[in-house]
Amino acid sequence: MSTELTVPSRPRTWPRTVLVALVVVAFTVVTVTPALGGIRIDLGAIERNWHFGAHRVGQMFHPDFSILPRTWKPLLETFEMAVVGTAVSAALALPLSMWAARPTNPHPVTRGVLRAVLNVNRAVPDLVYATILVAMIGVGALPGIVTLVLFDLGVVVKLVSEAVDSADASYMEAGQAAGGTQSQINRLTAAPQTWPAYASQVLYSLELNVRISAVLGLVGAGGIGRLIDEVRGFYRYGALAVIIGEILIVVILIEIVSNVLRKRLR
Amino acid sequence: MTYDPSTTNGPEAALPASGPWPVRLTDVTVRYPNGSYGLRGVSVSVEPGEMVAVVGLSGSGKSTLVRTINGLVPVTSGEVEVGPYAVRQLRGRRLRQLRGSVGMIFQGFNLADRASVYDNVLVGRFSHMPTWRTMLGLATRDDRDAVMESLSSVGMLDKVWSRAGALSGGQKQRVAIARALSQQPRVMLADEPVASLDPPTAHAVMSDLRRINTERGLTVLVNLHLMDLARQYTTRMIGLRGGELVYDGPAASADDAVFEEIYGRPILPRDTLESS
């Protein structure tokens, strides 16, 4: 090195990093200190109660495959609920995402109303939807599917509309300059531009739906969850392990398929 | 796929001869919400079929001026008349009708990159199509013919089913010109159409614009910041500085002194395409 480079002095960032770390630690300590309004965490309870659960976990390592024939139908139902729920929510989510995003819906009032409704929708837990819908519609797969649609819409419309908000939308100006209505512009140009984000979120919602619909049966909303509730009630933890294993396989298969599809989107 | 213009609905049917419109700005001022001025008391009268360069540095009000003509930028005071329309009074449907008669191309092309070239050019047919037809994807024969004829006239018909994002910059700008042509416009606006292109491509696109002016007889307003392009391709030049009109005269006789007046500084090598 013959020439001496005059490198500008590197800005000091560590005091800031330390400060942020201290704030995070202090906040965490407060949340677990009951005297300061935090939650009470009794680590001794783990030692006192450990053996109750350990016994059940131990049972789960002796899978009871006699349950298998009874699982096929509810497992298929769970899978079907997930697919139908995803399909219905996907069909509704694309127009609603356009409605909820600023570039595709410049009208602040209608956009605000939809966003408020979606916030309420996301605030309600899925099991609450399922419980209410079972009471309104009756026991079976239908209340489960409606629950999944409501849950998916909250997630997909939020994430896709945020993707539209942050994407470059210079083509909008061209559509306006050509005298297009907002619907025309959205249909012909915004929709294809939004497609990768939308398809990716729909695939993700399919993955989530299999997990959620496995639980919905607990409140009578169809699927494998009803069987889970039954074997748990009879303390058949070996059978429970088999059912959990089956759900795991379905979830992994769907993840593999959606990963393959997602790669093709680019 | 080849497009045969001699089929039943040829280009004559798809693109009927449409007379160019005059553009008249009277004492136009544009004040942006942040308090800055885009234009101050600008009056310009462009005859039907003229090809006019609007010249100035960035921030001089060029973009604002052409955007008042199709109502993309609302004027604060003054009048903008385009053919039979008084732009300031237009809202909703009537505003879209005016915009349908005014084609526009942009520096950044403004294509939807993930959509096909066909769909991008079909954007130019919006004002000719009812919304339900667009929503259902049911373009009429006339719409399709207008798209194909426009692409053919800029030499891009072989790319009609390509994705717009897969094209080069020059190709994208040609598709954007086709999009504007498929509107069958009376006036063509161009906002720095060659600023993102390399010199040979820039000349090709400027030639396309001049051909549109001479062959279709369209009124053309083109924003430029390079003096040699303005001299070479247009007949009349309007100079803007700080939102005010500082020159209006023949492009050919605009010498370096005129450009120094417009730029408000001595001429630099980067003010021409050849040396930039």
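Predicted model: local features only at pLDDT ≥ 70, side-chain atom pairs only at ≥ 80, totals over all residues.

Me: What volume does the largest cavity have?
Reply: A search of the whole structure turns up 2 cavities of 30 Å³ or more. For the largest cavity, the volume is about 50 Å³.

Me: Which elements give two or more residues to the lining of the largest cavity?
Reply: Both chains take part in the lining, with Ala174(A), Ala177(A) and Ala178(A) joined by residues including Arg179(B), Ala180(B) and Gln183(B). By class, that lining has 6 nonpolar, 1 polar and 1 charged residues. The elements asked for are helix 7 (170-177) of chain A and helix 7 (169-181) of chain B.

Me: How many charged residues line the second largest cavity?
Reply: Its lining is made up of Leu75(A), Thr78(A), Val210(A), Ala214(A), Ile224(A), Ile247(A) and Val250(A). Of these, 6 are nonpolar and 1 is polar. The number of charged residues is therefore none, because only Asp, Glu, Lys and Arg count as charged.

Me: Which side chains meet in a salt bridge across the interface of chain A and chain B?
Reply: In the interface, 22 residues of chain A are in contact with 30 residues of chain B, and the buried area is about 2,100 Å². The rule finds 1 salt bridge there. At 2.8 Å, N to O, its partners are Glu173(A) and Arg67(B).

Methods
Residues numbered from 1 in each chain as written. Chains lettered and ligands numbered in written order. Heavy atoms only, no water. 1 Å grid on protein atoms, 1.4 Å probe; cavity = no way out; pocket = protein on both sides within 12 Å on 5 of 7 lines; lining within 4 Å. Points joined across faces, edges and corners; volume = space filled by probe spheres on them. Helix = DSSP H or I, 4+ residues; strand = E, 2+ residues; numbered from the N terminus. Contact = heavy atoms within 4.5 Å. Buried area = accessible area lost by both parts, 1.4 Å probe. Salt bridge = Lys/Arg side-chain N within 4 Å of Asp/Glu carboxyl O.
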